[in-house]
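Please open the structure in your viewer and keep the sequence beside it.

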Amino acid sequence: MAQEGMAGGSLERHCPTYIYKVVLLGSTAVGKSSLAYRYVKNDFQESLPTVGCSFFTKIIRMESATVKLEIWDTAGQEKYHSVCHLYYRGAHAALLVYDITNKETLGRAKLWLRELEKEFLHDEIVIALVGNKTDLAEEREVPAEEGEEFARSRSLLFTETSAKSNHQVKDVFMAVALQLLQREAEKAPAPRRGQHVDLGASRARTGCCHV
Ligand SMILES: Nc1nc2c(ncn2[C@@H]2O[C@H](COP(=O)(O)OP(=O)(O)OP(=O)(O)O)[C@@H](O)[C@H]2O)c(=O)[nH]1
């Protein structure tokens, strides 16, 4: 459980820490590892094939809370498909990644969505559809509107990114974190008159910090 230390000063403000599991799902070579790598290490490498699953963490400090994202990067190759459900079990959020230069990968992302819908109740998991590789605009096969329209029809977050040129990578993880926090706030019990209530903890494990 994440724990923040005490900072000096007489004014203490309760600041919870939320720990969320975020899984990256999608076909092989759509750029899942590259997105995680760009977000966590702010770097891009041409070759990062995933064997099974790799793991990254990222801490986001916000005014009302600290969010620790545990990012599970799953391998997209078919041979790993049968074990993938083990990785997304217990996830709070999923990024369904496709490659905008390969229409088939959007179809695969839709199949992942079906799998997630079997595993999770509707509001149990935050899902973002992510069209990656916008730097390859000339090779685009999936119009942005198509991804956007599909995401809207299924109430998913939607962003197009480029791990290579660092386009909207931070934004997509931030949007997920904000939606997770918003859900915490919605689930928290209504405050009694005069009572101060911070964002409540439910499914997410929480730690606590005082600043
Ligand atoms: N042009 C461009 N290439 C990218 C981008 N993101 C990833 N790539 C390249 O696409 C290839 C696959 O990227 P990975 O990050 O390994 O893809 P993955 O989805 O993790 O693949 P698996 O581990 O096989 O599931 C690599 O050659 C990357 O350099 C991007 O935004 N733009």
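Helices (H or I, at least four residues) and strands (E, at least two) are DSSP runs, numbered from the N terminus. Gln179, for instance, has its place in helix 5. This is a predicted model, in which local features need pLDDT of at least 70 and side-chain atom pairs count only at pLDDT 80 or more, while totals for chains, interfaces and linings use all residues. Residues are numbered from 1 along each chain as its sequence is written.

**The whole chain**

Begin by displaying the protein chain as a cartoon. Its secondary structure comes to 5 helices and 7 strands, and along the sequence these follow the pattern β-α-β-β-α-β-α-β-α-β-α-β. A residue is called buried if 20 or more other C-beta atoms lie within 10 Å of its own, exposed if 12 or fewer, and partly exposed in between, with C-beta atoms placed from the backbone. Of the 211 residues in the protein chain, 37% are buried. Two residues are in contact if their C-beta atoms, placed from the backbone, lie within 7 Å. Among contacts between residues at least 6 apart in sequence, 68% join residues at least 24 apart.

**Strand 1 and its partners**

Select residues 14-25, which form strand 1; 9 of its 12 residues are buried. Two strands pair if DSSP finds at least two bridges between them. Which strands pair with strand 1 in the parallel sense? One is strand 3 (residues 66-74), joined to strand 1 over 8 bridges; here Val23 stands opposite Trp72. Another is strand 4 (residues 93-99), which runs parallel to strand 1 and is joined to it by 4 bridges. On this side, the bridge partner of Leu24 is Leu95 in strand 4.

**The nonpolar core**

A nonpolar core is a set of buried Ala, Val, Leu, Ile, Met, Phe, Trp, Tyr and Cys residues joined through C-beta atoms within 7 Å. In soluble globular proteins, nonpolar side chains tend to be buried together. Select Val22, Ala94, Leu96 and Val97: these have the most contacts inside the largest nonpolar core, which has 46 residues. Elements giving two or more residues to this core include strand 1, helix 1, strand 3, helix 2 (81-88), strand 4, helix 3 (103-119), strand 5 (126-132) and helix 5. Helix 5 gives the most, with 7 residues. Next, centre the view on Leu96. Not counting residues up to four places away in sequence, Leu96 touches Leu25, Gly26, Ala109, Trp112, Leu113, Ile127, Leu129 and Val130.

Select residues 32-41, which form helix 1. Helix 1 is largely enclosed by the rest of the structure, because 8 of its 10 residues are buried; among them are Leu35, Ala36, Tyr37, Arg38 and Tyr39. Most residues other than glycine have a negative phi. Ala29, in the loop between strand 1 and helix 1, has a positive phi of about 70° although it is not a glycine. Ala29 counts as partly exposed because it has 16 C-beta neighbours inside 10 Å. Just after helix 1, Asn42 also takes a positive phi, of about 45°.

Now move to Ser47, in the loop between helix 1 and strand 2 (53-61). Is Ser47 buried or exposed? Ser47 counts as exposed, because it has 6 C-beta neighbours inside 10 Å.

**Helix 5**

Select residues 169-187. Helix 5 has 19 residues and reaches 28 Å from its first C-alpha to its last, close to the 27 Å expected at 1.5 Å a residue; the expected span is 1.5 Å times one less than the number of residues. Its buried residues include Val169, Val172, Phe173, Val176, Ala177, Leu180 and Leu181. An α-helix has 3.6 residues a turn, so residues three or four places apart point the same way.

Show helix 1 together with helix 5. Their axes, which are lines fitted to C-alpha atoms over the stretch in contact, with angles running from 0 to 180 degrees between N-to-C directions, come within 9 Å and cross at roughly 90°. The two helices are therefore roughly perpendicular to each other, a label covering 65 to 115 degrees. Where they meet, Leu35, Arg38 and Tyr39 in helix 1 face Val169, Lys170 and Phe173 in helix 5.

Finish at Gln179, which is partly exposed, with 16 other C-beta atoms within 10 Å. Not counting residues up to four places away in sequence, Gln179 touches Val126 and Leu157.

Definitions and conventions
Parallel < 35°, antiparallel > 145°, perpendicular 65-115°, else oblique.
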